[in-house]
Amino acid sequence: MIPVFSIIGSKSNTGKTTILCKIIKELKNRGYRVATIKHHIGDFEIDHPEKDTWKHSQAGSDIVVISSPVKIAKIEKVQEEYRLDDIISKIQNVDIIITEGYKKESKPKLEVIRKKISPNLISKESELFGIVTDFPLENQIPQFNFEQVREIVNLIEEKFLKK
């Protein structure tokens, strides 16, 4: 099974995406293949108006796939949100899967908090394997500042990749 963990935070602008991108770069530098899954609470568009795939969707196609020699993408209209485990089951050929969001799921979590935005943890301590923060917290969970990417990835390797 591919290891999975979630990067979560209580609000926008805490730095989840920024720290995730830094983690991805460091994991790639260490030779790992990485998949990410981003959770969004509403509707979203990844197609651009007037592009062929957008036209296909506007014409009524329920599933649109675009493929090239270097990448493939699938856009599917759904009746209800897929469960995270169903999405994960479709991913292969990677060493680790990192989700952004999915704070209610039961995956191990790296929580990102900032004192001025949301100074309280939203996860139970038992769900957390690490915290990225700009102020010290009183608990036994490993804590990192936003520049300690190497140390965060060392912990990720230890917990999820060096089995």
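Biologist: Which residues of helix 4 are buried?

Modeller: They are Val149, Ile152, Val153, Leu155, Ile156, Glu157, Phe160 and Leu161. Buried means under 20% relative accessible area, exposed means over 50%, and partly exposed lies in between (1.4 Å probe, protein chains only). This is a predicted model, in which local features need pLDDT of at least 70 and side-chain atom pairs count only at pLDDT 80 or more, while totals for chains, interfaces and linings use all residues. Residues are numbered from 1 along each chain as its sequence is written, and side-chain values use heavy atoms, with hydrogens and water left out.

Biologist: What makes a stretch of the protein chain a helix or a strand?

Modeller: Both are DSSP runs, numbered from the N terminus: a helix is H or I over at least four residues, a strand is E over at least two. By that rule the protein chain has 4 helices and 8 strands. Their order from the N terminus is β-α-β-α-β-β-α-β-β-β-β-α.

Biologist: Against which elements do the buried residues of helix 4 pack?

Modeller: They pack against strand 1, helix 1, strand 5, strand 6, strand 7 and strand 8 (143–144). Contact here means heavy atoms within 4.5 Å. Leaving aside neighbours within four places in sequence, Ile156 is in contact with Phe5, Ile23, Ile96, Phe129 and Leu161.

Biologist: What makes a group of residues a nonpolar core?

Modeller: The members must be buried Ala, Val, Leu, Ile, Met, Phe, Trp, Tyr or Cys residues joined through side-chain atoms within 4.5 Å. The largest such core has 22 residues, and Phe5, Ile7, Ile23 and Ile156 have the most contacts inside it. Two or more residues each come from strand 1 (4–8), helix 1 (16–29), strand 5, strand 6, strand 7 (128–133) and helix 4 (149–161). Helix 4 gives the largest share, 7 residues. Another core, of 8 residues, lies apart from it and includes Val4, Ile37, Leu84 and Tyr102.

Biologist: How do you know that Glu100 forms a salt bridge with Lys38?

Modeller: A salt bridge needs a side-chain nitrogen of Lys or Arg within 4 Å of a carboxyl oxygen of Asp or Glu. The closest N and O atoms of Glu100 and Lys38 are 3.6 Å apart, so the pair meets the limit. Glu100 is in strand 5 (residues 96–100) and Lys38 in strand 2 (residues 34–38), so the bridge ties together parts 62 residues apart in sequence.

Biologist: Why does Glu100 count as buried, and why is Lys38 called exposed?

Modeller: Glu100 has 6% relative accessibility and therefore counts as buried. Lys38 has a relative accessible area of 52% and is therefore exposed.

Biologist: Which residues are linked in a network of salt bridges?

Modeller: Arg83, Asp85, Asp86 and Lys107 are. Asp85 meets Arg83 at 4.0 Å, N to O, and Lys107 at 2.7 Å. Asp85 lies in helix 3 (residues 84–89) and Lys107 in the loop between strand 5 and strand 6 (109–113), 22 residues apart. The structure holds 8 salt bridges.

Biologist: Are Asp85, Arg83 and Lys107 buried, partly exposed or exposed?

Modeller: Asp85, at 35%, is partly exposed. Arg83, at 51%, counts as exposed. Lys107, at 15%, counts as buried.

Biologist: Why does Ile72 count as exposed?

Modeller: Ile72 has 61% relative accessibility and therefore counts as exposed. Ile72 is in strand 4 (residues 72–76).
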